[in-house]
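Let's take a look at one protein chain together. Keep the picture open while you read.

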Amino acid sequence: MMTGVTRHPRTPPPSEDSVNFPQHKGFCRTVRSAVGALALAGLAVGTGAVPASAAAEDGTTSYVALGDSMASGPLIPDITGPVACGRSTHNYPHELAERLGASLRDVTCSGAASKHMTEKQSLSLLDIPMGSAPPQFDALRPDTDLVTLTIGGNDAGLVGIAQKCTTLDPNATPCKEKYNEGGVDQVGQRIAEFAPKLGVVLDSIHQRSPHARVIVTGYGLYIKPGGCWPLQPVLPVDADFLQGSVDRMNAVIAEQSAAHGAEYIDLATPSKGHDSCQAPSDKWVEGYVPTAAAAPLHPNRNGETNYAAIIGAHLQGS
């Protein structure tokens, strides 16, 4: 076992982001073409997955990474595993495993929602069926030492909402109004409905891997207060609405983590100054039209590397 990742015995307690892109004219065609070219090119790349055993005989930490595309790192070279999962050898699980010297079993997958922890996930790329991924919980073992989880964005449809908020018309009606018709906060409802699902997921992880340290990340800072229209084509009020929805999701993830024996990692606060409005060298996340090899509205390699550093510092410092 490595320093900073210890076993914690416990008594077991009693798609959307990878294939859908902005539909605003002028963005969709360019982005989809680039994504298709990069993804198909990745088919020729060797699958350099870190070999993992359920329990390393030499005492190496056994680490399982679960989650969606924020964790899988779509379009960040190099591709490993099912191409439609958008899993990168430089996503935060791979970077973290290298940092910790851990044996990694990475089953993160673009488009994953909480139900895909226990159900197969149908995969597709540019509307072409690409088979399915097994339930992510299949990777868990009784002697797993460390689990990381990033989930929730697809349960609430956050990327799909962001796609529908693009506009190059400064006088357009804010899309925030659409999601609050009749005084009903539709996004807030979706996030609230996700909360008990996350609780069940966390309890189930503890049941399957009762000695594992369970780390749950929030989502990062995607756009600064007020946005940066037209660089990122959302109105200022919608920029705050979109990031506010992410922040609300993060609050739910933090609450459920505390209530279900997991450790929450805040990635939004340390992301300040690294949102999609910043210069390419400073960004941790890409905007609607990426300036680095990464999917739109997702972390780039710089972001994944920094997320790994933040999580690693937490693990090794506690």
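Predicted model: local features only at pLDDT ≥ 70, side-chain atom pairs only at ≥ 80, totals over all residues.

## Helix α8

Start with α8, which covers residues 301-317. At the start of the helix, a side-chain oxygen of Asn300 comes to within 3.1 Å of the backbone nitrogen of Asn302.

Now for the inside-facing part. Gly303, Glu304, Tyr307, Ala308, Ile311, Gly312 and Leu315 are the buried residues of α8. Looking down the axis, you'd find them within an arc of 165°, so they line one face of the helix. An α-helix has 3.6 residues a turn, so residues three or four places apart point the same way. The cover over the buried residues of α8 includes α2, α3, β5, β6 and β7.

## The disulfides

How many disulfides are there?

Cys85 and Cys109 have their sulfur atoms 2.0 Å apart, in a left-handed link. The pair joins distant parts of the chain, 24 residues apart, and both cysteines are buried.

Cys165 and Cys175 form a right-handed link, with 80° about the S-S bond. Both lie in the loop between α5 and α6, so this pair ties together parts 10 residues apart in sequence.

Finally, the torsion for Cys228 and Cys277 is about -85°, so that disulfide is left-handed. Cys228 sits between β6 and α7, Cys277 between β7 and α8, 49 residues apart.

Technical notes:
Residues numbered from 1 in each chain as written. Heavy atoms only, no water. Helix = DSSP H or I, 4+ residues; strand = E, 2+ residues; numbered from the N terminus. Expected span 1.5 Å × (residues − 1). Buried < 20%, exposed > 50% of the residue type's maximum accessible area, 1.4 Å probe, protein only. Arc of directions from axis to C-beta. Contact = heavy atoms within 4.5 Å. Polar contact = N/O pair within 3.5 Å; in protein donor to acceptor, adjacent residues only side chain to side chain. Disulfide = S-S within 2.5 Å.
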